Amino acid sequence: MSERKIMLGNEAIARGAYEAGVKVSAAYPGTPSTEISENIVQYKEIYAEWSPNEKVAAEVAIGASISGVRSMVSMKHVGLNVASDPLYTASYIGAGGGLLYVVADDPGLYSSQNEQDTRCVARAAIVPVLEPSDSQEAKDFVKEAYRISEEYDTPVILRTTTRLAHSQGPVTLEERVEPETKPYERNAAKNVMMPGMAKKRHIWVEERMKRLEEDGCGFAINRVEMGDTAIGFITSGIPYQYVKEVCPEASVLKLGMVNPLPKKLIQEFASKVDKLYIFEELEPVIEEQVRAMGIDCCGKELFTRQGEYSANLLREKVLGQKVEAQPYENLPARPPILCPGCPHRSTFSVLNKLKIHAAGDIGCYTLGAVAPLNVIDTTICMGASISSLHGMEKARGKDYIKNWVAVIGDSTFMHTGVNSLMNMVYNQGTGTVIIMDNSTTGMTGHQDHAATGKTLQGEEVPAISIYQLCKAIGVKNVVEVDAFDIAAMEKTIKEEVAKDEVSVIIACAPCALLKGVKFPYKCVPVSDKCKKCGMCLKPGCPALTKNADGTIAIDDTMCNGCGLCRQLCKFDAIDRIEKN
């Protein structure tokens, strides 16, 4: 009897890679895709790595595929923007061994700066997309993706969403089947995408998609579930689950391959139902193509383009049922905050005091945009803080950015910030960059990177020195400062922003939640000395609260003893003692 196990969608994808005989996996951590690689690493038959960014990860996978083995690259939807350059060309090249992009979209914006739809990118890149609806399909569709990839000589995208990635379901486990490594044969016409070759490959790619469109009508992953013909749904992914919950008797065309669409299958299904609904999250990718076929349907005029779908949305829009507000919908908002002992809070408190604006980046430190820190003025994409600050200077002059800095994390700096810093040096900028080095990729759950000295497998390797890297780029002024020494931090920031050349401040202190980080102290209030001025509360540490009489209370179960509040108190009303 086959073993069955409850698995997260991401865990099931990793299992699918194992069973499919994948040999190489590369990724950059990004919620909601991170756990794929963290689960793949348990399978020793697969080489798995954290790459500096998604573009590099994709190129690693493409190289492995060209050499003849099955490979995959995983990322979140905005990571596909970084990796799209090689994707568009890989579409022309095709696959040696099977090549799979796993891309996790984020409807509802749980952890992202936009709500883009990967299917739109896939249509432009001319590559097929599979979309599973549960954990079992997540595993099975990985294996189907490799079949399609090798049979049709194409990279394949497996599109998931936050709900699928982080939901659990039963999965039947099977044995690993490792296909023979394909012998490498030199083929410049296929693998060297210079204009003369690319023109011919583009014609071939269009023919490939026509074959997939026709053959897809017979793929088992595209299935018709005929029921009551008064209502029909075309749907895919997680929205399929809502359709089955709310309208179990309706007829459904469940699409497992959402690009290219099986045109004849859609036409045949639509002819059998009286009213057709297209139920798809985010963009009207399916709907627009169905309408282009001359088929009447209902879609985004009923269902939103924003956020996640739900069973209640169907109840309201299709069945006309009034859905009462859930109790939790009236609860007060509880915005995310930096953790107690976070070194970013210390750095931001100094910037706030100095009334310095910060061009921000992607990471935990984005929380510096909100009260009470109110420091971050911009957040665009990975690595953009440095580039956008440089753009401000070139637009408005050196004096304009004397009260600005760029802030970026250590992992994000290694991702794309290093390129931006090179540009600033090369084009004679004068901005100040604060690299907030907390020794990890904190925003996605403590993954290592090239500057931490550990691989995805936990192997000890030489750590790239951010200090030496900045020096090698040509930055003359590079200063390392303890992030929790606010006097030194204030002095350094004042000195560096005053200079008329590029400077880098590396604010060093490990993430408070990083495994192995020990905090030997805790802070305690000295109530009889407290003047109730509130200075210690200004950085917004959640471990500090006010008593009824206005004095300060410190929750010793939350306090990490970083000492920031103690440094801000001018009356010695906060002490720091050793933990028991």
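1. Helix H14 passes helix H18 in a right-handed crossing, and in this predicted model the axes of H14 (residues 343-353) and H18 (residues 486-497) come within 10 Å and cross at roughly 50 degrees. An angle of that size makes H14 oblique to H18, because angles under 35 degrees count as roughly parallel and 65 to 115 as roughly perpendicular.

2. On the H14 side of this crossing the residues that meet H18 are Ser346, Thr347, Ser349, Val350, Leu351 and Lys353, while H18 brings Ile486, Met489, Glu490 and Ile493 to the contact. Divided by class, the contact of H14 with H18 holds five nonpolar, three polar and two charged residues.

3. What is the handedness of the crossing of H16 and H17? The crossing of H16 and H17 is right-handed, and the axes of H16 (residues 410-426) and H17 (residues 466-473) come within 10 Å, with a crossing angle of roughly 20 degrees. That angle makes H16 roughly parallel to H17, since the cut-off for the term is an angle under 35 degrees.

4. The contact of this pair draws on Asp410, Phe413, Met414, Val418, Leu421, Met422 and Val425 from H16, and on Ile466, Leu469, Cys470 and Ile473 from H17. By class the contact of H16 with H17 counts ten nonpolar residues, no polar residues and one charged residue, and the reader who goes through the list of contact residues will find Asp410 of H16 in it.

5. The helices H3 and H4 also deserve a look, for the axes of H3 (residues 54-67) and H4 come within 7 Å and cross at roughly 25 degrees. H3 and H4 are therefore roughly parallel to each other, and H3 passes H4 in a right-handed crossing. From H3 the contact takes in Glu54, Lys55, Ala58, Glu59, Ile62 and Ile66, and from H4 it takes in Gly79, Val82, Ala83, Asp85, Pro86, Ala90 and Ile93. The class count for the contact of H3 with H4 is eight nonpolar, one polar and four charged residues.

6. Which helix gives the most to the lining of the largest pocket? That helix is H4, with four residues, and both H4 and H16 supply at least two residues each. Taken by class, the lining of the largest pocket divides into eleven nonpolar, 14 polar and two charged residues.

7. The lining of the largest cavity consists of 18 residues, and Cys541, Leu544, Cys562, Leu564 and Cys565 lie nearest its centre. The class division of the lining of the largest cavity is 13 nonpolar, four polar and one charged.

8. The peptide bond that joins Thr31 and Pro32 is cis, with omega at about 15 degrees, and Pro32 sits in the loop between strand S2 (24-27) and helix H2 (34-40). A cis peptide bond also runs from Ala371 to Pro372, where omega is near 5 degrees, and Pro372 has its place in the loop between strand S14 (357-359) and strand S15 (376-378).

9. Which residue other than glycine has a positive phi near 75 degrees? The residue is His446, and His446 is found in the loop between strand S17 (432-437) and H17, the helix whose axis comes within 10 Å of that of H16.

Notes:
Residues are numbered from 1 along each chain as its sequence is written. This is a predicted model: local features need pLDDT of at least 70, side-chain atom pairs count only at pLDDT 80 or more; totals for chains, interfaces and linings use all residues. Side-chain values use heavy atoms; hydrogens and water are left out. Axes are lines fitted to C-alpha atoms, for helices over the stretch in contact, and angles run from 0 to 180 degrees between N-to-C directions. Angles under 35 degrees count as roughly parallel, over 145 as roughly antiparallel, 65 to 115 as roughly perpendicular and the rest as oblique. A crossing is left-handed if the near helix is turned anticlockwise from the far one by less than a right angle, and right-handed if clockwise. Contact means heavy atoms within 4.5 Å. Ala, Val, Leu, Ile, Met, Phe, Trp, Tyr, Cys and Pro count as nonpolar, Asp, Glu, Lys and Arg as charged, and the others, Gly among them, as polar. On a 1 Å grid over the protein atoms alone, a cavity is a set of points where a 1.4 Å probe fits but cannot get out, and a pocket is an open set with protein on both sides within 12 Å along at least five of seven lines; lining residues have an atom within 4 Å of a point.
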